[in-house]
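Work through the following exercises on charged side-chain pairs, using the sequence and the model shown here.

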Amino acid sequence: MPNNNNPLTLSAPLSGPVLALNRVPDEVFASGAMGDGIAIDPLNDCLQAPCDGVIIHVARTGHALTIRADNGAEVLMHVGIDTVELNGEGFALLVKDGARVSEGQPLVQFDLDRIARQCKSLVSLIILTNSDRFELTPVALKAVKVGEPLLQIAARTTATAQAAVDNSSFEASASVRITHRGGLHARPAALIRKTAQGFSSQSHLHFADKSASCDSLIGLMGLGIGEGDEVRVSCRGQDAEAALQGLVAALSVAVSEAHHAPVATAAPRRASVEADVLQGVCAAPGLVCGPLFRLTGIELPEDTGNHSADEQQQRLDTALEQVRDEIRSTLEHARQRKNVEEEDIFAAHLALLEDPALLEAATDAIAHGSAATHAWRDAIQAQCTVLLALGKPLFAERANDLRDLQQRVLRALLGEAWHFELPAGSIVSAHELTPSDLLQLSEQHAAGICMAEGGATSHVAILARGKGLPCVVALGAEVLDVPQGQRVVLDAVNGRLELAPTDARHAEVHQIRDAQKLRRQQQQAQAQQPARTSDGVSIEIAANVASSSEAQVAFENGADGVGLLAPNSSSSTAVPRRMSRNSVRLIRPYWMPWATSR
């Protein structure tokens with residue numbers, strides 16, 4: 001009988017050594033802020049039900065779930081530490097939220113090796129989340145096998161229960177000045193959201209006369225908080241003080257910008273005084289010529305309404321999960337290549353796809369009869385309007401990340417793939433490209449990018465600089481009137497798009513590019529020569545590599561060894577044998593005492 005308050009013995013959901021909670025390598029869990037409990041360092045790869053009960057919560061990423069036992073005790077089981085960052089990879093859920101389960105029933109299958117390689121710790125938690133009503137006594141103190149007695153849970157006595165303090169009675173707040181460069185835009189907001197999710201307390205940010213939940217990336221950005229602004233943080237819950245300290249620290253420590261290419265503050269767009277020249281702002285330098293190819297976004301017809309809400313919600317959920325999988329793949333590729341800018345940008349995109357404000361707006365529109373396509377488009381556009389209304393260029397540029405997700409999810413809903421046949425050497429024009437567009441265009445070897453809108457600090461600009469793709473933004477609507485296929489010159493260094501270049505100008509551009517190519521070849525020819533300072537001191541050049549292809553590039557560019565070897569797996573991407581026999585020693589980091597491998 002549910003909620004009967006009877007004593008209960010939990011069986012071990014995993015096999016392995018047992019650890020006291022205060023020995024767990026995570027401050028939040030170890031502090032008991034989430035509740036009383038115990039931990040197991042697992043030796044098996046399947047989490048089993050510790051008792052009969054009902055699954056009342058399942059993490060979307062599959063790394064944690066909560067079971068309510070028949071006596072009312074609620075037990076959280078959390079596999080590994082920081083495993084949420086795997087985004088579900090390596091976890092196979094065997095039950096659904098709301099399912100009735102029996103003791104010993106398999107709940108989650110997981111990849112032990114992957115968690116060990118990629119996460120902070122394998123140590124897994126068993127936490128009693130309603131410790132105000134129940135108390136526990138450990139049974140196993142050293143090691144345990146699946147199914148053996150682990151904990152005894154009993155209802156607190158009336159006196160003890162009355163002394164227990166309700167979670168919601170703990171409150172804490174503080175004011176802090178924002179030091180993040182540019183204010184609370186996408187990446188800092190993602191950091192705040194991630195910090196808040198590490199605690200059970202409900203946390204909010206207050207600025208001017210507005211407030212937003214720290215769980216909502218869009219809500220946080222919508223506050224329009226700039227660098228140097230003072231905000232108030234409030235937390236309510238059992239671990240309110242710990243949550244407050246974590247959030248204050250996250251708000252007051254600037255996100256590192258060291259990995260971003262330095263870019264001068266973009267000047268406002270200047271009107272061109274030359275005929276057949278559009279003047280914009282340099283986002284990524286370079287000089288190219290070629291045919292113009294105009295890229296357009298998805299336009300939806302008018303919604304007829306009166307759709308089946310359940311059917312449309314299922315379509316949206318499926319599309320969202322497809323796009324999440326695509327972004328996770330992009331993230332994994334970025335991590336392999338150690339591309340920090342790309343990883344940060346698409347990690348923020350993934351967080352936006354889970355934003356409650358965005359998802360609730362789309363779900364509400366579907367419930368009122370909208371098609372999934374139109375509900376998603378309208379939800380995105382409403383949030384873009386909020387960001388644009390703030391009147392701050394940086395936040396306006398971040399609205400482009402939302403438009404990126406609008407296009408990606410619409411393509412998934414419509415069953416369309418991102419595919420354009422670019423003529424060789426094309427210079428792509430658009431109203432405003434998105435980060436996903438930029439990656440696709442780079443793979444298709446676009447020669448350059450020019451946009452009517454956009455800014456030099458946008459995520460598209462950051463990616464273009466990282467890929468060496470010339471890019472000019474803020475050219476104005478006139479760029480969209482240039483005929484498809486017209487040959488142009490993109491002088492990105494000077495922010496110019498030349499619409500009617502002469503044959504002599506074309507020849508000049510080709511000559512400049514040929515000279516740059518020759519200089520690069522000459523530098524390449526010298527790559528294998530020893531590196532020495534002007535006073536004759538030899539220097540070893542090391543490369544950070546994550547795959548055999550990157551090792552090949554490092555070898556061709558004169559690397560003497562590997563400073564950091566971080567392969568994606570231990571299987572198929574070994575560096576070619578031909579290279580390992582070379583004096584370059586590309587996969588023998590231990591031959592360099594200071595090199596590291598992970």
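A salt bridge is counted when a side-chain nitrogen of Lys or Arg lies within 4 Å of a carboxyl oxygen of Asp or Glu. The model is predicted, so local features need pLDDT of at least 70 and side-chain atom pairs count only at pLDDT 80 or more, while totals for chains, interfaces and linings use all residues. Residues are numbered from 1 along each chain as its sequence is written, and side-chain values use heavy atoms, with hydrogens and water left out.

**Exercise 1.** Determine how E326 and R408 are paired, and which helices they belong to.

Solution. By the rule above, the count comes to 18 salt bridges. One of them joins the side chains of E326 and R408, at 3.2 Å from N to O. E326 lies in helix α7 (residues 309–336) and R408 in helix α11 (residues 393–414), so the pair ties together parts that are 82 residues apart in sequence; helices here are DSSP runs (H or I, at least four residues), and strands are runs of E of at least two, numbered from the N terminus. E326 is partly exposed at 32% relative accessibility, whereas R408 is buried at 10% (buried is under 20% relative accessible area, exposed over 50%, partly exposed in between, with a 1.4 Å probe and protein chains only).

**Exercise 2.** Locate the partner of E432 and state where each residue sits.

Solution. E432 forms a salt bridge with R403, their closest N and O atoms being 2.9 Å apart. The pair links distant parts of the chain, with E432 in the loop between β22 (427–430) and α12 (435–443) and R403 in helix α11, 29 residues apart. E432 is buried at 16%, and R403 is partly exposed at 25%.
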